Amino acid sequence: GRFFGGGLLIGREATLDDGLFDVYVVGAHLGPREALRLAAAMHRRELGVHDGLAYYRTARLTAVLSRPADVNLDGEVQRMAHRLVFEVRPGALRVFARAAGVTALWAPEGLAVERS
């Protein structure tokens with residue numbers, strides 16, 4: 001999607017239904033000063049082109065780790081090792097949302113289940 005980290009806009013072109021991941025890779029070579037500049041640009045929604053950032057669009061991504069690392073997966077930090085494979089699987093997730101003009105039968109924390 002377009003947002004990460006509690007609402008920071010990162011991918012202006014990203015959509016949830018195009019079948020592609022929008023991948024941003026922050027270079028490990030960035031020093032503290034450059035990392036702060038990059039974070040500030042993200043916060044101001046002025047990310048654009050940056051020397052310490054690479055951007056890719058793909059339906060499948062394989063990451064090979066040289067050693068175990070903490071990986072942030074949609075806000076959840078997991079200790080991962082070796083090879084990680086991410087793949088878009090169209091239709092794999094069912095989402096129920098209230099349609100305009102339909103009364104919800106049950107709605108915990110914003111989720112609405114519609115009458116069929």
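Reader: How much space lies in the largest pocket?

Author: Happy to start there. In this predicted model, about 1800 Å³ of space lies in the largest pocket. Of its 41 lining residues, the closest to the centre are F21, D22, N72, L73 and D74. Elements that give two or more residues to the lining are β1, β3, β4, β5, β6 and β8, and β3 gives the most, with six residues.

Reader: What makes a residue count as part of that lining?

Author: A lining residue has an atom within 4 Å of a point of the pocket. By kind, the lining divides into 26 nonpolar, nine polar and six charged residues.

Reader: How do you know that β6 and β7 pair?

Author: Pairing needs at least two bridges between the strands. Strand β6 (residues 69-73) and strand β7 (residues 76-80) have five bridges, in the antiparallel sense, so they count as paired. L73 stands opposite E76 in β7. Two residues lie between the strands of this hairpin, where D74 takes a positive phi near 55 degrees.

Reader: Why is H82 called exposed?

Author: The cut-off for exposed is over 50% relative accessible area. H82 has 61% relative accessibility, so H82 counts as exposed.

Definitions and conventions:
Residues are numbered from 1 along each chain as its sequence is written. This is a predicted model: local features need pLDDT of at least 70, side-chain atom pairs count only at pLDDT 80 or more; totals for chains, interfaces and linings use all residues. Side-chain values use heavy atoms; hydrogens and water are left out. Helices (H or I, at least four residues) and strands (E, at least two) are DSSP runs, numbered from the N terminus. On a 1 Å grid over the protein atoms alone, a cavity is a set of points where a 1.4 Å probe fits but cannot get out, and a pocket is an open set with protein on both sides within 12 Å along at least five of seven lines; lining residues have an atom within 4 Å of a point. Grid points are joined across faces, edges and corners, and a volume is the space filled by probe spheres set on the points. Ala, Val, Leu, Ile, Met, Phe, Trp, Tyr, Cys and Pro count as nonpolar, Asp, Glu, Lys and Arg as charged, and the others, Gly among them, as polar. Buried means under 20% relative accessible area, exposed over 50%, partly exposed in between (1.4 Å probe, protein chains only).
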